[in-house]
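Trainee: I would like a close look at one part of this model. Please take me through the aromatic rings.

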Amino acid sequence: MRYTVPPIDLALALALLMAAPFAFLAGRRGGRFRGMPGWVGFWVFFGGMLVALSRAKPEYSFPLLAVFMGYGLRRYFSLAPVRPPDRWAILSMYAAVPVALVPAYQGSYALFAGLFTVGVVLFLPGLLAISSRRAGLLDSMGRVLLGAFLFLVCAPHLGMLVHRPVGRLELFAILVVIAELPQRLAGRPRPGFELLWPAAGMAVAAVASVLIGAWVAPWGGATRIQGAVAGLLVAVGVAVGALVSEAVAHDLELRASIVIGRGAFLDRCVPAVFAAPLFYHYFELVS
Amino acid sequence: MRKLLLAVTVLAFQVFFAWPILNVFAGLRVRRRALLPKGPCLVVANHNSHLDAPILISLFPLLRRPRVHPVAAADYFESNWIRRMFAVLFLNSITIERKARPGQDPLESVIQALRDGESLVFFPEGSRGEPGVVAPFRAGVGHIVRAVPGLLVVPVFLAGPERIWPRGQSIPVPLGIEATVGKPRTYPADAEPREIAAMVREDVLALAPPAPPAPGPRQAPPVHCAVCCVEPALRSAAFRNAMARLGSIAPTVGLGEEAVLDADASGVHDRGRRVPVVRSRAWIGLMAWAFRTGGQFRGLKFAEMVERSRMDEALHAERNVRFVVGEGSALVDLMAWFDVRGGREPLNDKELHQVRAYLEGERRIPFARWGDYARKAPGVWLLNVLDLVRPRRPDVLVLVSVSAEDAMARIRAGGEPVATHETEEFLGRLQESYRRAAGSLRLGGVEVIEIESAEIDRPDAMAAVEAACTRAPAVETTR
């Protein structure tokens, strides 16, 4: 039996191949570019995971996404510790991973939104408030809710994209890579730092994502116009995700840490996870 | 036969239970595992959780694990059959009494096992204690070291188990574990057991990674103040005065030319902690010698400077210290020396800014300019290309200015042989270079205070240093 590689997967591989030389050359300069080769490495893995999510049967892709969400939660909470009594809230978040994924895989957004409202808006703050006598309730609540938002609300949107035409997840991956590369090379927006270069990076990222989106969209089951708009939205989502990621890293003192590599996983996956709901809802709207 | 069965049980437990729990569920990350010796050793670590012993056993290669025994408290692990089965059958523990009975040495079985070539996992705190707190180590570890001369002790710091499964909690929550292995070492067998225990505790604590900031109000990082001068004795005097002044208002650490000093309200204390250049770091000095680094950072002095900068970097994560004072600053010193020796003309602001970016690791020296830098500023080139360290920019720079004649007279009076470059003309140019370097840093937000050499003992000069340090941005609390 002859297997032909779908053109959208080839385009994703090409995007990574094109990003790799830039990343490795920038990595040689050191400083803030030191993590660039690692970023490409992450995308080889993450892009592979998205392809697997898109192509594999739900019974296989479901646990794969659950493992990713669980791993993300673990990395996040190992860097952003909460108050000792709040460990029950974290435990309930791990337990909520399959609960969030079931409606996502059933394609029932209404059920997912309901669970999100009950779980994240009512249940988690209530659980945290039980031990309100310990100092730092709001800080801890912020950390828990951000973790829940990233990995229990945003990440399941990747699972929902499984129900869209084959190739939609790969299209998303291509757009995120194309949007992230110029932003990382120009310097990501950081609170309190100059904005000229990051703004230029964002502009280039937006233009590149629009053009590439329009080019590869037909392979991902969308029209060229839809691809261009999705590219623009993903570029915005990635920029906001990067801003949040930088601000959180600054608050958790990860930038000043002498242990190299702390927080690298979150730094790489947060922009993609952030852009997922935007991408999903845009295609929901136009279809 | 019994031993074989026990080994199989231990291996099965490690492969089918400990490995998935530690690596998949808890997310164990080991730093510097290769430091673990191949022969018998005593692994000591902080103890906060039941996960600690399986983690430390898992540091060893799989086939060695049947010969690794955690030392467990008999009063706890022999209190019921489930605990006993876990400790003895699955973890291969040696149980000891925490309270010695009259006429009995509770450590006898431990010492015998070490003499038989087994490796042990030992928790000198004696119990799991309070989460995140490393209690004083009991003297037992000292007794073991004294009884087995030449015993290799491997310090390990465990971060994470105290959050995953602390004492008093029944359900573990996966949150990530970091195990940092330290260099194996021996301890003097003639020291008192309590002294040995204190030394072991220091070695374990030295491996602690910066703790992730807990929710709630947070202490700001310490303010870094550097004292620079072309004449070493004056710099040293100004450094001590600044230490004394800042120490009088808050805990202060001083990174001196040779020693690490502490200062508090009672004065400046030299606790005998030298700036070490261990054998494994001596290659840096060799590189400096091969590339003919000159001036202040000749040969091994360069390696010491790198070491001091690394300590400075580590102190930035310290939250119990309010001020860190440096006798000199690698960044300022290297900038000034490059300015004075790098070319015929002094560097302009742009070039100085570029050198600062190279030293701080913001940029890499372009390959085309490697030859130029290796020749004119080998120190800068080595730091940047080999990424040895990124010298921190001080928050406050105290520049002690001295006339070239006075500096020369002091150098001659110091009794040290005068180097060929130490002439009045050179020192005058070096002084100017320091000013230019300070000017460049001022543009980057560093507060610069210039003090005349005659003023260093005057209280108002040090009051200015204190004022600058207390209004430095790093002092502001984050919330």
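Trainee: At its relative accessibility, does B:W370 count as buried, exposed or partly exposed?

Mentor: This is a predicted model, so keep that in mind throughout. B:W370 counts as partly exposed, because its relative accessibility is 25% and the buried class ends under 20%. Now look at its partner. B:W381 has a relative accessible area of 10%, so B:W381 is buried. B:W370 and B:W381 form an aromatic pair. Their ring centres are 5.7 Å apart, with 85 degrees between the planes. That makes the pair edge-to-face. B:W370 sits in helix α14 (residues 370–376) of chain B. B:W381 sits in helix α15 (residues 378–385) of chain B. The pair therefore ties together parts that are eleven residues apart in sequence.

Now set this beside a pair in chain A. Over all chains, the structure holds 29 aromatic pairs. In one of them, the ring centres of A:F279 and A:F283 are 5.0 Å apart. Their planes meet at 65 degrees, so this pair is edge-to-face. A:F279 and A:F283 both belong to helix α11 (residues 264–286) of chain A. They are separated by about one helical turn, because they are four residues apart in that helix. A:F279 is buried, and A:F283 is buried too.

A:F283 has a charged neighbour as well. A:R168 lies over the face of the A:F283 ring, 4.1 Å from the ring centre.

Note on methods
Residues numbered from 1 in each chain as written. Chains lettered and ligands numbered in written order. Predicted model: local features only at pLDDT ≥ 70, side-chain atom pairs only at ≥ 80, totals over all residues. Heavy atoms only, no water. Phe/Tyr/Trp six-rings, centres within 6.5 Å; stacked < 30°, edge-to-face > 60°. Helix = DSSP H or I, 4+ residues; strand = E, 2+ residues; numbered from the N terminus. Buried < 20%, exposed > 50% of the residue type's maximum accessible area, 1.4 Å probe, protein only. Lys NZ or Arg CZ within 6 Å of the ring centre and 35° of its normal.
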